[in-house]
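User: Could you walk me through how to read a few features of this model? I'd like the general idea and then the case at hand.

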Amino acid sequence: MHELSAAQQKYLHMQKRHRRVVCVSRILILFGFLFVWEFTANTGIIDSFIFSCPSQIVLCFRELMVDGIIFHHIGITLYETIVSFLLVILISILMAVLLWTFRYLSEILDPYMVVLNSLPKSALAPLLIVWLGANRTTIIVAGMSVAIFGSILSLYTSFISVDPEKIKLIYTLHGTKFHALTKVVLPASLPAIINIMKVNIGLCLVGVIIGEFLAARSGLGYLIIYSSQVFKMDHLLMSICLLCLMAMLLYALINALEKWYLACQHR
Amino acid sequence: MEKHTDRILELKSIYYSYHNADGETPAITDLSFSVNESEFIAIVGPSGCGKSTLLSLISGLITPEKGLIKINGRSLRESAANIGYMLQHDQLFEWRTIYHNVLLGLEIQHTLSARTREKAHELLDTYGLKQFENSRPSELSGGMRQRAALVRTLILEPDILLLDEPFSALDYQTRLRVGDDIGQILKKEKKTAILVTHDLSEAISLADRIIILTSRPATVHQTVPLIFNLEDDTPLNRRNAQEFKNYFSLIWKELNSDA
């Protein structure tokens, strides 16, 4: 090992300090927020009936944990989110391949895709209930509807922005359009696919919760709407906290997938 | 009909235009030439004169509007001739190792076998890339990458090799070395090659014959056979030879007389 110069040591030290400041600040904000919330609720500055407080939320979670009902709700929401997420990814890839293969099709469908993409998808949920019934399929479709059009569009954009010279190479090697797809377009778009996964996991969760608001008898979205109606604010805020955790966990999963992919790429 | 047994490629009165909403741009008009077996041809011309279009036509990527391209006496469509094409940039895929980049053409042509895999290893070894077999393209220097691209082309055993300014993306020093390097490889393998370039000295140092094109629409302006009295006829030695300067000024004059 060679000796680090004083300047390099100083630089590394500053870097380390920088990271530590960021990390500590993040933790301080979380605990500061929880503390202020708890304190103001206990001293009566805010009404704990309306605003609840961290200790009540924890107690409420414990209570629901005992009869296992909360895990049922979490499981339902998680299941619906993951199913709609996987379907969105699968369908987007298939559609983007289709649009890339048939240039005509993409040109013809372009205005429809743009309109469907900018439409507020929550407007579709009541329609889906009438068409599909108040069941799990509706919720999964609602979850998909939020993410799918944007995801097809961005994937298609990434497909057509692949270096045309790389595709020319395939043709100079006497390959076909199929080879261009499998040897160039798909591998080159893998980072884009991972990116839309990152965006979509959140969007699918949004869609699923919208669906559960309107058409469910279980799940965290149902729990939120139900507790607001019976004014159980502890339940409501606990469900929101659980949603935060779920969103974080799902995002972390995709991040891990990306890390694994990058590690494979560069060993 | 006259018979030319050693004439591997023949272009007869080729026409090609580009079309867009604003009108038609003729790129090539009435262009004819032929190439003999194991000959190294360099095509030079003013920039944008349709040199790359010409290679795309020969490789069959695009079809001429008029005229005939014959390989070994048969039309391009019928002939089973294998044409290798080296593009301006190496286009190595970052998501594949060097070894798997080299196998790309074999995969596409469904000729991947134990024997061709073995050959890939041999070629990589011959061209000094053995230790980089499992590296990613980004880990290699520009010259090494261009060699890997050459191996990817040569492993398909092309009858004719098309080179579209394959060294232009390299810095000057690397360019001289790689040009010398690849020129010798092709001479040793007795490959028929057509090099398109805007670099006159590159053309003179590598080719057996130079075809000068006119500005767009391109047609053959003049053909200059290159003869060097050298014991060791390498591109680098040519650059130091007396004839080099003469050829350079001759071709330079011809190129500019057209403008």
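**Reading the sheet, the helices and the interface**

Analyst: Let's start in chain B, where four strands form an open sheet in the order β2-β1-β4-β5, with antiparallel pairing. Keep in mind that this is a predicted model.

User: Which strands of chain B are the edge strands?

Analyst: In general, strands of a sheet pair through backbone hydrogen bonds, either parallel or antiparallel. Here β2 (23-36) and β5 (74-75) of chain B each pair on one side only, and these are the edges.

User: How many bridges join β4 and β5 of chain B?

Analyst: Two bridges, in the antiparallel sense, with β4 of chain B covering residues 66-71. As for partners, B:Ile71 is bridged to B:Arg74 in β5(B). Helix α1 (residues 51-58) of chain B packs on this sheet and touches β1 (7-20), β2 and β4. The direction of α1 makes about 120° with that of β1(B).

User: On to helix pairs: at roughly what angle do α4 and α7 of chain A cross?

Analyst: Roughly 35°, with the axes of α4 (residues 69-101) and α7 (residues 136-160) coming within 7 Å. The crossing is right-handed. Sorted by class, this contact has 19 nonpolar, five polar and two charged residues.

User: And between the chains, how many residues of chain B are in contact with chain A?

Analyst: Interface size is often given as the accessible area lost when the parts come together. Counting contacts instead, twelve residues of chain B meet 14 of chain A. Helix α3 (residues 104-108) of chain B gives the largest share of the chain B side, three residues. That side has seven nonpolar, five polar and no charged residues.

Conventions: Residues numbered from 1 in each chain as written. Chains lettered and ligands numbered in written order. Predicted model: local features only at pLDDT ≥ 70, side-chain atom pairs only at ≥ 80, totals over all residues. Axes fitted to C-alpha atoms, helices over the stretch in contact; angles between N-to-C directions. Left-handed = near helix turned anticlockwise from the far one by under 90°. Nonpolar A, V, L, I, M, F, W, Y, C, P; charged D, E, K, R; others polar. Pairing = 2+ DSSP bridges. Contact = placed C-beta atoms within 7 Å.
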